[in-house]
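Me: I'd like a close look at one part of this model, please. Take your time and walk me through it in one go.

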Amino acid sequence: MNEAEPEKVAEQRRLYGEPVGDLVRRVTTGLGLTQARVAGVLGLSPAMLSQLMSGHRVKIGNPQALSRLQSLLALTEEAPSMTREAITRRLSEIRDTRSSLTTSQQATTPPADAADVVRRLLHAVASGRELDAAARALADVAPGLADLVRIYGTGSRDDAARHLAGVAHLL
C-alpha cells in the first residue's frame, strides 16, 4: 500500500461512515454474493469496485451506484427473513433502479425513494419476522397502521411504492 491510500480510506470513512471495502464485504457475506455480482448490481465494472474496495479510489462517482449500495446494505439486513427467490428478485429490482436528480418537486409528490426510506427505517429497528408479528398484533386495534407495517415492512418495494403513490395526496 502506498502512503496516500490510508488517507483515501479515511476519506471513504468520512464520506460513507466506513471504508467501501467494509461495506461491500458486508454485502458479499450477508447475501452470499461474489464481488463481481455486487459490481453488476451496482452498475460498476468489477475493476472499479476493486479499486474502491482497496482504497485506490475514494468516491463512488455514480449516484445510482451509491443508491444501489445503500439498497444492498438494507437488503443484507432483511435477508435472514427472506427466501432465496425473494432475495434474487430484490437484487434484480435494485440493479434495475434508475434514480434521477431534480431541482424541484410538487409539494404533494413524495420523492421516488421515500417508500424505500420507510422500508429501511422499519428494517433498521426490526427483522422481517418481527414486522410481520407486529402487523398481526396491530390488525385488530389499528388496522391502518397494521397495513403500513405490512406493506412497508414485509411487502415488496413495488407494493410500498404503489401505496405511497396512492396516499401522496394526503401528504
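What is the volume of the second largest pocket?

Reply: The second largest pocket comes out at about 330 Å³. Before the details, this is a predicted model, where local features need pLDDT of at least 70 and side-chain atom pairs count only at pLDDT 80 or more, while totals for chains, interfaces and linings use all residues. Residues are numbered from 1 along each chain as its sequence is written, and side-chain values use heavy atoms, with hydrogens and water left out.

A pocket here is an open set of points on a 1 Å grid over the protein atoms alone, where a 1.4 Å probe fits and protein lies on both sides within 12 Å along at least five of seven lines; lining residues have an atom within 4 Å of a point. Points are joined across faces, edges and corners, and the volume is the space filled by probe spheres set on them.

There are 17 lining residues, and E78, M82, A86, T154 and G155 lie nearest the centre. Two or more residues each come from α6 (84-96), α7 (114-125), α8 (128-138) and α9 (143-154), helices being DSSP runs of H or I, at least four residues long, numbered from the N terminus. The biggest share is from α6, with 4 residues. By class, the lining has 2 nonpolar, 7 polar and 8 charged residues (Ala, Val, Leu, Ile, Met, Phe, Trp, Tyr, Cys and Pro are nonpolar; Asp, Glu, Lys and Arg charged; the others, Gly among them, polar).

How far to trust the model? Mean pLDDT, the predictor's per-residue confidence from 0 to 100, is 85 for the chain, with 87% of residues at 70 or more. Residues 101-109 stay under 50, and the model gives them 4 contacts (heavy atoms within 4.5 Å) beyond four places in sequence.

Elsewhere, V38, V41 and L42 of α3 touch A65, R68, L69 and L72 of α5, a contact with 6 nonpolar, no polar and 1 charged residues. On the α4 side, Q35, V38, A39 and L42 of α3 meet P46, L49, S50 and M53, giving 6 nonpolar, 2 polar and no charged residues.
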